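Me: I am new to this structure and would like to learn how to read it. Could you take me through some of its features, one at a time?

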Amino acid sequence: MEDLISVIIPVYNVEKYIRRCLDSVLAQEGVSLEVILVDDGSTDSSGAICEEYAKKDGRIRVLHQKNGGLSSARNAGLAVAGGEYVGFVDSDDWIAKDMYAYLLRLIQTFHADVSVCDYKRTGRPCRPDRRKESLTVRQGEGLDRLFYRMDGGKSFFSVWNRLYKREVLEGVTFLEGEINEDVYFTYEIYGKAGKIIFSNLQKYFYFTGRETITHSRVSPRDSSQFRIWDRIVEREKGGGYYEAAVFNRKRAVFSLYIKAKLYGVSDDMPAGTVRRWKKELKGDYRLLMRGKALDGKRKFALFCICRLGW
């Protein structure tokens with residue numbers, strides 16, 4: 001079907017939240033949808049709720065699989081998606097009723113490969129965003145500079161506040177077994193996309209009501225950040241963005257050190273890891289303080305770590 005949007009929703013033990021998510025997706029106005037629910041081995045009633053919704057709405061397709069993680073579930077959805085466009089929604093989040101119509105219009109108006117809206121972190125329903133629309137077009141070198149945060153600003157690695165043309169996804173999958181899969185996926189998409197349009201309007205609502213990987217103690221699985229940036233550094237060897245990739249690999253040490261200070265470290269972390277990170281940061285202090293990839297607040301935190309012993 002022309003302009004059909006495939007919405008892929010990985011589902012794992014979200015019985016408290018999945019109905020809100022599905023209701024918001026099924027309420028989308030002005031677009032044709034197929035909704036692919038990938039039950040990733042849930043042990044609560046999430047799988048049954050997915051089947052319940054599928055019986056009521058013919059746009060829904062349910063896949064059940066053994067637990068393989070978020071990347072595995074998204075890849076399973078991509079493998080069967082039939083739409084000309086593809087979007088992802090996390091099963092404890094929800095979206096504005098016009099999100100996909102809006103993102104589709106942006107792609108078609110600007111002849112873009114991907115469109116991106118802003119998002120709001122929240123624990124409760126929100127009023128529609130009434131801000132004045134502001135759009136930014138990125139292409140070519142502008143996408144590389146955005147990915148590596150060379151001009152400052154926040155990172156845009158998430159996949160759930162976006163709509164993709166199907167062709168830009170060809171040959172791209174999520175790295176399985178990693179928890180920072182969005183970073184490498186975005187790296188590959190930015191390398192393929194000709195043009196991406198960004199909007200400041202908040203159409204996606206990121207639920208903050210339960211613990212996430214971001215707001216939890218540092219554990220060995222967090223080393224996924226290093227493996228992903230090591231992979232990017234290796235691919236960029238000999239290229240114009242090699243130094244930017246190396247910088248972001250070092251920045252990952254800073255991010256995990258801050259996380260460890262804020263949320264603590266799990267018992268299974270190797271002894272001395274955080275002290276080693278601090279030593280690395282001191283060695284890279286001058287490099288990390290240069291440029292715009294770290295904003296003022298982060299540079300102040302880095303100063304406190306390296307000069308004040310935080």
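Predicted model: local features only at pLDDT ≥ 70, side-chain atom pairs only at ≥ 80, totals over all residues.

Me: Let me start with two helices, H1 and H2. How close do the axes of H1 and H2 come, and at what angle do they cross?

Reply: Two packed helices are described by the angle between their axes and the distance between the axes. Here, H1 covers residues 18-26 and H2 covers residues 46-56; their axes come within 11 Å and cross at roughly 30°. Angles under 35 degrees count as roughly parallel, and H1 and H2 are therefore roughly parallel to each other. The crossing of H1 past H2 is right-handed.

Me: Which residues of H1 and H2 make the contact?

Reply: From H1 come Ile18, Arg19, Leu22, Asp23 and Leu26, and from H2 come Ile49, Glu52 and Tyr53. Sorted by class, this contact of H1 with H2 holds five nonpolar and three charged residues, and no polar ones.

Me: Which sense, parallel or antiparallel, does S9 show in pairing with S6?

Reply: S9 and strand S6 (residues 114-122) pair in the parallel sense, over eight bridges. One place to look is valine 114, whose bridge partner in S9 is isoleucine 196. S9 also pairs with strand S7 (residues 135-138), in the antiparallel sense and over four bridges; there, leucine 135 has serine 199 of S9 as its bridge partner.

Me: What about the backbone angle phi? What is the value of phi at asparagine 13?

Reply: As a general idea, most residues other than glycine have a negative phi. Asparagine 13 has a positive phi, near 50°. You can find asparagine 13 in the loop between strand S1 (4-11) and H1, and its relative accessibility of 24% makes it partly exposed. Arginine 149 has a positive phi as well, near 55°. This arginine sits in the loop between helix H5 (141-147) and strand S8 (162-165).

Me: Is arginine 149 buried or exposed?

Reply: Buried means under 20% relative accessible area, so arginine 149, at 7%, is buried.

Me: One more residue, please. Where does arginine 162 lie?

Reply: Arginine 162 is part of strand S8. With a relative accessible area of 1%, arginine 162 counts as buried. Leaving aside residues up to four places away in sequence, arginine 162 touches several residues, including Val86, Tyr100, Val114, Phe156 and Tyr190. For a sense of distance, compare arginine 162 with leucine 281: they are 119 residues apart in sequence and 34 Å apart in space, C-alpha to C-alpha.

Definitions and conventions:
Residues numbered from 1 in each chain as written. Heavy atoms only, no water. Pairing = 2+ DSSP bridges. Axes fitted to C-alpha atoms, helices over the stretch in contact; angles between N-to-C directions. Parallel < 35°, antiparallel > 145°, perpendicular 65-115°, else oblique. Left-handed = near helix turned anticlockwise from the far one by under 90°. Contact = heavy atoms within 4.5 Å. Nonpolar A, V, L, I, M, F, W, Y, C, P; charged D, E, K, R; others polar. Buried < 20%, exposed > 50% of the residue type's maximum accessible area, 1.4 Å probe, protein only.
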